[in-house]
Amino acid sequence: MIYSSNRDALHKSAEETLTVRYIDVGQGDCICITCGGETMLIDCGEASEAENVRHCLNKAEVEAFDFVVATHPHSDHMGGMAEIVESYDIGEFIMPSLAERDVPTTLYFEKFLDAAEDNDLKVTPAEVGRKGKLGDAQWEIVAPISDEYSNANNYSVGIVLYHGENSFIFTGDAETSAEEEMVNSGRFGHIDVYKAGHHGSKTSSSKLFMDTISPDIAVISCGSGNSYGHPDVEALNAIRRYTDEIYRTDMCGSVEITSDGKELEVRCER
């Protein structure tokens, strides 16, 4: 399907094609963004999905990453990150600063730390307001805003991506309180494409947040028959108040959205 954006946007010119791939990693997140020969990876799913992720990246002819973002230290988002670090050259690795009590002691996280050390990879703390470029697209970190949270999901790195007149938002598993912080920061308004928070959980996609971004397209990354009941009916109804264009990886497989700066085209694996 092709969508056209008629709104005035912060960034209006784009000569390169941007592609956002929401890779089907079951009950997890993995997003690969390419533009102008530059590439960003946001999360990578569980370690068990590493071979699948490599296959998808090979199909997309991705050989290295300018940026890798681990939104927060849960295994469904960065369980396979050691394999990513060992398999690809990475320009910069970004993840949230964690309170000492929230630093994981799990095996997958220890493997990631070992891989980072072995490959001389420096981890850059996510800083709200940090901006960067990916080809002729621009991105900005919009979360996490607080220094400490009682729920690790709210540490999730939030990123807004602009390409010409089109915009995308990625918020990991950020829940209602973190969504409220993002909105109150005033760093963004309407967003064209929303990667639904927390796999379509009812703890995300809050009314304040959805009123602010009022998306035209939503993508939900979740596993078929998952034990969490994602996406939750409450979250689906919240998203449907703004758009009926909802793509689920459990039903569609991997979802690919391309932008030429004006129009958006959506392709599904199945």
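Why is strand β4 largely enclosed by the rest of the structure? In β4 (residues 38-42), 4 of the 5 residues are buried, so the rest of the structure largely encloses this strand. Buried means under 20% relative accessible area, exposed means over 50%, and partly exposed is in between, with a 1.4 Å probe and protein chains only. Strands (E, at least two residues) and helices (H or I, at least four) are DSSP runs, numbered from the N terminus.

This is a predicted model, in which local features need pLDDT of at least 70 and side-chain atom pairs count only at pLDDT 80 or more, while totals for chains, interfaces and linings use all residues. Residues are numbered from 1 along each chain as its sequence is written, and side-chain values use heavy atoms, leaving out hydrogens and water.

Start with the partners of β4. Strand β3 (residues 31-35) runs antiparallel to β4, and 5 bridges join them. Two strands pair if DSSP finds at least two bridges between them. Ile 33 stands opposite Met 40 of β4. The two strands form a hairpin, with 2 residues between them. Gly 36 sits in the turn and has a positive phi of about 60°.

Strand β5 (residues 64-69) also pairs with β4, in the parallel sense, over 3 bridges. Here Leu 41 has Val 68 of β5 as its bridge partner. From β4 the chain crosses through helix α1 (residues 50-59) to β5, and this β-α-β crossover is right-handed. That term applies if, with the strands pointing away from the viewer, the path from the first strand over the helix to the second runs clockwise.

On a 1 Å grid over the protein atoms alone, a cavity is a set of points where a 1.4 Å probe fits but cannot get out; a pocket is an open set with protein on both sides within 12 Å along at least five of seven lines; lining residues have an atom within 4 Å of a point. Grid points are joined across faces, edges and corners, and a volume is the space filled by probe spheres set on the points.

The largest pocket has a volume of about 280 Å³. Its lining holds 13 residues, and Arg 21, Cys 56, Lys 59, Ser 254 and Glu 256 lie nearest the centre. Two or more lining residues come from each of β2 (18-22), α1, β15 (255-259) and β16 (263-268). Helix α1 gives the most, with 3 residues.

There are 3 cavities of 30 Å³ or more. The largest cavity holds about 40 Å³ of space. Among the residues lining this cavity are Cys 44, Ala 50, Val 53 and Arg 54. Helices α1 and α3 (81-87) each supply at least two residues of the lining. Again α1 gives the most, with 3 residues.

Asp 192 is found between α5 (176-185) and β12 (193-195). Asp 192 is buried, with a relative accessible area of 2%. A polar atom of the Asp 192 side chain lies 2.9 Å from the backbone nitrogen of Ser 167.

His 230 lies in the loop between β13 (217-220) and α7 (233-240). With a relative accessible area of 11%, His 230 is buried. The side chains of His 230 and Gln 27 make a polar contact at 3.0 Å. Such a contact is a pair of N or O atoms within 3.5 Å; within protein, one must be able to donate a hydrogen and the other to accept it, and residues adjacent in sequence count only if both atoms are side-chain atoms.
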